[in-house]
Amino acid sequence: MRFHAAALVLAACLTPPALAIFEDDAYHIDFHHALIGLPKHDATFFQKPYAGSKASLLYTISESQAIGAVNPKDGALVWRQAPSAPQNGTGLLRAGEDQDTAISAFGDHVAAWSASDGRIVWETRVDGATVEDLEILEQEDGITNTDSKDALVLLGNGEVKRLDGRTGRAKWTHHDTSGDTPFQLSTSPTTLFYISLHTQLLGGTKLKVTSLSPITGKKLDSYTLSSESEVSAREHILFAGANTAAPLLAWTDKANKVLKVNIIGTKGVSTFNAPGKAGVEKIVLHAPNRLNSLAHFLVEYQTATGHLAEVYHVDLKKSTVSKAYSLPEIAGRGTFTTTSSDANVYFTRITSDETSVVSSKSHGILGRWPVKASAALAGAHPVHGESEVVVKSGSASAVRSAVLYSNGQWVLIRNGEIAWSRPEFLSSAVSAVWAELPDQEALAHELEAEGHQNVLAAYFHRVKRHIRDLEHLPAWLQTIPSRVLGSLIGKSEDSAIDEIHHDTFGFHKLVIVATAAGQLAALDVGSQGKLIWNIDLSQFAPDTTFTSPSLKALRGYVEIKDPGFDGSLYINSTSGGMLSSETIQVQPRVPPGDEKLIAFSLVAGELKGYLGSDATSEPVWDFTPPNGEKIVSYTARPVDDPVSSIGKVLGDRRVLYKYLNPNLVLVTTIVETAKTASIYLLDSASGSLLHSVTHTDVDIARPIPATISENWFSYSLTVDATSGPSSRGYQLVVAELYESPLPDDRGPLGKQFNSSTLQPSKASGDVAKPYVLSQTYHIPEEISHMTVTQTKQGITSRELLVTLPNSNSIVGIPRAVIDPRRPIGRDPNAQEQSEGLMKYTPMILFDPKWHLNHKYDVAGVKDVITSASGVESTSLIFAYGFDVFGTRVAPSFAFDVLGKGFNKIQMLLTVAALFVGVLFVAPLVGRKQINSLWTIPS
Amino acid sequence: MRTSIFSLAYLATLSAAARFTLHIPQTALVNPSTLPSTTHATLQSSGPPQTAFLTRSNSFIFTNVSAGSYLATVHCREFAFEPLRIDVAVEEAVEGSGEKREVVKAWQTFVGNEWDNKGEARGEGGNGVVVEVKPVGAKYYYQERSGFSPLSFLKNPMILMALFSMVLIFGMPYLMDNMDPETKAEFEEMQKKSPLAGQANPATQLQNFDLASWMAGKTDSGASSRGQSPAPQGKKRG
């Protein structure tokens, strides 16, 4: 205990002045899109978080299996929970009426969450099975149990369980041993129906409905519907209506020509023909899911050109289904939502440009709102939605709909106006790159043109360019007063968001993000992550299914490659337009003079280096890890990694020369049986091994992130418990490379004027291997990814950026803390202190002030990319993977930018006061000078 | 060691795995009911860690924990919690009875220490034991901006010295004037006797006081350039 406390105090003392985010900068310089993922249609609903609550929240479970509650007012995330590991099976989310819990199921895990704050109420696991369906038992024998409603789960092995709403314990289990595929559960006020698919030998599937007693789980009855002529796959079953007064079972045939509806519990099947001359592409059935609502439902038919709908009424007494009215076809895509208010049912039709509400009783439109065009939704159509309708005296006075659009935006449309939009498609981002803004690109092109011309032509070109630039002068002069005023009053930040072109500091950089499904979006990191454009790549490559596009930034455009197609797509990085390969000169990196590029790649478990960029030639070197080790990853030094100083000045003014090799590659290998991990440092030009280290007792199932920059590299390991190691937890290793262990010495190559890594034998007889200094620290949490900040010149000290998946954080560890030259076992002497070295401690506790994300909860980060900004002190950071997060850091403080703490008004007042003082003192001084000349010293 | 853990793991597969609860007590530092729902606990030993979310009753419930030695960590956005070592073993309840049951033991543990360096015991018991996990401190993410404040300005020793000498310079003449004539004469006598005293009286000091050079901070150089000026000496004496 004492030791622990001492260690804590020690760590606190030794920590250098933390480079935390200023409280007034937080939420301004950074942004965070807290995402859920694309919401699932059947698991998205408005619900009051507890009985008697005035406002309702919007609950959803996404395709990424995250459960979230969103405030419908502003789209802010109220709470979110995601499983730690991806589960198989689909995610389900249900909430009982007037309950304070939402019950979710994914994989074998069923959990009840507190609806207002997302805490867990109970959780249970169904061992070895996946949950196929989950329903809430709203009524039991026609009586609503308001206290706590039980959950019904259907498992993949044919078991039906009733789980207690308070504890999650199973009240009864019904086991279906027929071997039929379980499909869905449905409840009526008195009976529980279990629907399964009975596959015929001759093809086709029969629907089997088994009714169970909700109280005992005993089988009451069962019947089979002869649907074998239509249903051959699960997708043909449109609906198995849950929790309604008249639970429905609807299916269609392969050609979507016929609609068959069965009222569950009866054996009769009503058959309707699909309307429209054109073929129906898809049929969707929308029905209310409240027990007390009218038994009306809407069938949506999507054709190639438009969509239309028909409304049907169910007569419970006669057990018949009849068509009531139809809604006319509208060109383009749209969707319908169902809302029940008391017993009434309303259908809301949402198209790209209109929202209209009809009652289920008649086709008269109760309310109609044109949807205002929005840049976020340009070219997209509604996919599915959920609505809340307020109907007063026969007309809909307000409607709000949470709609998922085809471009992955989840939008709330309130009376035709877009209240908020959430870019949920970004949750599946797989690749991101930094792109330059148009102004910089244009200037770069001009300068390049000048560089290629002769001196005189270049001079004229330049003068012409400056004259052309003069046309911007009046506009610029006009903006001066407002900018000066804005900067004085402190509102400059807001105006800067719109004016990304007046970006003197280079904080506004575009990030191009590609999602797994082939969506491409550009975000402005300097303007709160504003979406600049958003396109679907499949419009450029119609026959391709994108799986994991990878991006590469080139000047003015991005190159997209995907395993789904050969070749590349080129997209303009500022407009999102497609560029054909003719209009751009695809410039491969051509090495100057007679130098040659060596490219390397991982081929069949070996790292191989090739001359030139084509991997067809004979490899010039290959690296095969010894002893059956498997390469898990490799990291190269960034191409653009400026180093300001070739040496490190010690306290006594001597210099330790850095080992700076642009071709460093760090290779991570593991041996699964021996639980060891090895790190190899290679020179990618020659393929020679510069350094290697092996760690034992490594949990090889956990990630081993690594990064390399300048003359140092870093990696992190998880200690495996099975062999009883002396310590446990997670380790961070940092190593620095120097030319020689001695200061003022440049090692074996010191006297050489030229040297080659390819022919090391010519250089004083030995390969110039670096002198490696390394230190290991215990860290309190696992690291999933690490990278290093980048600045323009590399003068600013670097920060190691580590992603902590457990606390959903990104931490910037200052370089001084992980300096491997920290003295061990003794206090630093005066010289070391002047270098800023602290005594080595075996652990690094992540100071909360190092957290770049401060109070944001940045979940699921897979990659962090950094870029230099326009000023040397600051590095831009962008994290993606699930959430999207961007910020900027100044590891050596913002020494070249005035911070918000600089009070401009105060400065002006001080200057004015000094001026007044001078006016006041000037006569005094004048008199004194005259006196000193004219009086005789006594 | 290796064999013993393997045997423990083997036993664990035979019997039902352990179940225990980490509970956040109400302390002066934190009301656990206000913690965000992102607070969760992980149990790490080998392979992917087991995760438990925060329940309504401010606890984390771990079920199906097989025998072994685990590092339990609570991850919270607002508070730092102490890490725990939790050992799950299957032991005979009564020596020689042959009846085996799970035993869960919890201790404090420390980052950067040997695993055997256990701290205070935090609980011990069979299945369903409740172990308290305490927060050690709040997390402060933000840096204070060292803005201008008049108080911090006044706290500066240089400013304090300057103010003090100002008070002496401006205050002394008034003090002298307000003295009754006898004391004044006595005081002047004393000053004459004192070897340190300058010959000039405070009035001339004030007259010769060089505000501009004082404001420019040129106390020493000003004194040397105008050696005849008694003002700096007077200040030093003050």
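**View 1. Polar contacts between chain B and chain A.** Between chain B and chain A, 27 residue pairs are in polar contact, with both residues at pLDDT 80 or more. Several elements of chain B each supply at least two residues of the side that touches chain A, among them helix 1 (2–14), strand 2 (40–44) and helix 6 (211–215). Strand 5 of chain B provides the largest share of that side, 5 residues. The model shown here and in the other views is predicted.

**View 2. The extent of the interface.** In the predicted model, 53 residues of chain B are in contact with 70 residues of chain A. About 5200 Å² is buried between the two chains, and carbon and sulfur atoms give 54% of this area. On the chain B side, the residues that lose the most area to chain A are Arg56(B), Tyr142(B) and Arg145(B), which together make up 17% of what that side buries.

**View 3. A salt bridge across the interface.** The side chain of Arg56(B) meets that of Asp100(A) in a salt bridge, at 3.1 Å from N to O. In total, the rule finds 2 salt bridges across the interface of chain B and chain A.

**View 4. The two faces of helix 3 of chain A.** Helix 3 of chain A (residues 455–469) has the buried residues Ala458(A), His461(A) and Arg465(A). These residues lie on the same side of the helix because they cover an arc of only 60 degrees around its axis. The face turned away from this buried side carries the exposed residues Leu456(A), Tyr459(A), Lys464(A) and Ile467(A).

**View 5. The N-terminal end of helix 3 of chain A.** Asn454(A) caps this end, with a side-chain oxygen 3.2 Å from the backbone nitrogen of Leu456(A).

Definitions and conventions. Residues are numbered from 1 along each chain as its sequence is written. Chains are lettered from A and ligands numbered from 1 in the order in which they are written. Side-chain values use heavy atoms; hydrogens and water are left out. Buried means under 20% relative accessible area, exposed over 50%, partly exposed in between (1.4 Å probe, protein chains only). Helices (H or I, at least four residues) and strands (E, at least two) are DSSP runs, numbered from the N terminus. The arc is that of the directions from the helix axis to the C-beta atoms. A polar contact is a pair of N or O atoms within 3.5 Å; within protein, one must be able to donate a hydrogen and the other to accept it, and residues adjacent in sequence count only if both atoms are side-chain atoms. Contact means heavy atoms within 4.5 Å. Buried area is the accessible area (1.4 Å probe) that two parts lose on being put together, summed over both. A salt bridge is a side-chain nitrogen of Lys or Arg within 4 Å of a carboxyl oxygen of Asp or Glu.
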